[in-house]
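Thanks, everyone. Let me put the structure up, and then we'll walk through it.

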Amino acid sequence: MKRDEEQSAILGRVLGPGAPELTCEQCFEELDRYVELDLAGEAAEARVPGMGAHLDGCPACAEDFRSLRDLVAAEGASGEGD
Amino acid sequence: MATALMTEPPEPAAVPTRSWVEDLRAPGARGQAAVADLHALLLKAARFEVGRRGALAHLRGGDEEDLAQQAADDALMAVLRKLDEFRGESRFTTWAYKFALLEAAVKVRRRAWQGREVPLEDEAWATLADAGAQAATGAESAELFAALREEIQHSLSERQRQVLVAVALNGVPIDVLAERLGSTRGALYKNLHDARRKLREALAERGLRVGTSGEEE
């Protein structure tokens, strides 16, 4: 099972998401809106089509997404930000 | 008094939203204060990011702070330069934070790889060969990995192969590769995207099925 998962991970990294996706530039452009929609529990992927596939395919943009989401979530919890 | 009874009560905890764009463009002390406040926010975001990733780059406390300061300074310039592009589709702070997080993340990744060579193609072939040899799901997987090795070697342009091998197989951060090759994240991701599409098409032509989350085009 573990080997299957490893192989699947390698295939995923090599072949990518295989779905229409945004470019890195478009991803950065939409990142703040996408994060706020995601945190609000709204249909972020429907409002920003192709973002999810790009985050699956681009490790660097995915890290940027997680960082912004976690920072904004932490601020929301403490009532900061405007 | 009747009039007093008709007065609407103040909204509880209504905090006015700061008009960042106006404040940052204001002349004199108002503008300077806004820029200072923005820098403080960006520094907070940069410290958050460096704190998350600093261990990867084996940064000491002083180095972490230097890196966060540099990231905040660079992000401040980027935000002020792109102020016209803020469309108000998110809070201003969320929009501004992404610049600081990006600057900090790129700096940490590059610091982590400073002085390290980007792994050679040989290591990537070994990764693929191991995966094929260990194919627990049978001959189909072994055939798939063998085909993948061939197609990577023969179907891709040199640049596509270079980027695919470094980023997808050897785990080199794309920003580090961009710095080494004198390119950008966006340009290299385009190379990676094109390489992936070529490989998918080549595998499909061979009648090999790969799991996908959707079909392109």
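Start with chain B. Chain B holds 10 helices and 0 strands. Along the sequence the pattern reads α-α-α-α-α-α-α-α-α-α. Keep in mind that this is a predicted model.

How much of chain B is buried? Of its 217 residues, 36% count as buried. Now the contacts. Take those in chain B between residues at least 6 apart in sequence: 68% of them join residues at least 24 apart.

Next, the domains. Chain B splits into domain 1, residues 20-112, and domain 2, residues 121-205. How far apart are the C-alpha centres of the two domains of chain B? They lie 34 Å apart.

Look at the loop between α5 (92-112) and α6 (121-133) of chain B. Arg116(B) sits there.

On to the core. The largest nonpolar core has 74 residues. Which residues have the most contacts inside it? Leu42(B), Ala46(B), Ala100(B), Ala104(B) and Leu164(B). α5(B) gives the most to this core, with 12 residues. And this core draws on both domains of chain B, with at least three residues from each of domain 1 (20-112) and domain 2 (121-205). As background, nonpolar side chains in soluble globular proteins tend to be buried together.

Let's zoom in on a few residues there. First up, Leu42(B). Leu42(B) belongs to helix α3 of chain B, residues 28-53. Why does Leu42(B) count as buried? Because Leu42(B) has 27 C-beta neighbours inside 10 Å, and buried takes 20 or more. Leave aside neighbours within four places in sequence, and Leu42(B) is in contact with Ala72(B), Ala75(B), Leu76(B), Ala96(B) and Ala100(B). Take Ala96(B) from that list. Leu42(B) and Ala96(B) are 54 residues apart in sequence, yet 7.2 Å apart in space, C-alpha to C-alpha.

Now Ala75(B). Its helix is α4 of chain B, residues 61-81. Ala75(B) counts as buried too, with 26 C-beta neighbours inside 10 Å. Beyond four places in sequence, the contacts of Ala75(B) are Leu42(B), Ala46(B), Phe99(B), Ala100(B) and Glu103(B).

Ala46(B) comes next. Again leaving aside neighbours within four places, Ala46(B) touches Ala68(B), Ala71(B), Ala72(B), Ala75(B), Ala100(B), Glu103(B) and Ala104(B).

Move along to α8 of chain B, residues 158-169. Buried in α8(B) are Gln160(B), Val163(B), Leu164(B), Val165(B), Ala166(B), Val167(B), Ala168(B) and Leu169(B). Just past α8(B), Gly171(B) has a positive phi of about 70°.

Then α9 of chain B, residues 174-181. Its buried residues include Ile174(B), Asp175(B), Val176(B), Leu177(B) and Ala178(B). After α9(B) comes Gly182(B), with a positive phi near 65°.

Now the contact between the chains. It takes 34 residues from chain A and 45 residues from chain B. On the side of chain A that touches chain B, α1 (2-15), α2 (24-39) and α5 (59-78) of chain A each supply at least two residues. Which helix gives the most to that side? α1(A), with 9 residues. By class, that side of chain A has 16 nonpolar, 6 polar and 12 charged residues.

Last stop, α2(A). Where is the kink in α2(A) centred? On Glu30(A), and the kink is about 55°. End to end, the helix still fits: 16 residues of α2(A) should span 22 Å, and the end C-alpha atoms are 21 Å apart, which agrees. Among the buried residues of α2(A) are Cys24(A), Cys27(A), Glu30(A), Leu31(A) and Tyr34(A). Following α2(A) is Gly41(A), whose phi is positive, near 75°.

That's the tour. Over to you.

Technical notes:
Residues are numbered from 1 along each chain as its sequence is written. Chains are lettered from A and ligands numbered from 1 in the order in which they are written. This is a predicted model: local features need pLDDT of at least 70, side-chain atom pairs count only at pLDDT 80 or more; totals for chains, interfaces and linings use all residues. Two residues are in contact if their C-beta atoms, placed from the backbone, lie within 7 Å. Helices (H or I, at least four residues) and strands (E, at least two) are DSSP runs, numbered from the N terminus. Ala, Val, Leu, Ile, Met, Phe, Trp, Tyr, Cys and Pro count as nonpolar, Asp, Glu, Lys and Arg as charged, and the others, Gly among them, as polar. The expected span of a helix is 1.5 Å times one less than its number of residues. The bend at a residue is the angle between axes fitted to the seven residues ending there and the seven starting there. A residue is buried if 20 or more other C-beta atoms lie within 10 Å of its own, exposed if 12 or fewer, and partly exposed in between; C-beta atoms are placed from the backbone. Domain bounds come from an automatic or database domain assignment. A nonpolar core is a set of buried Ala, Val, Leu, Ile, Met, Phe, Trp, Tyr and Cys residues joined through C-beta atoms within 7 Å.
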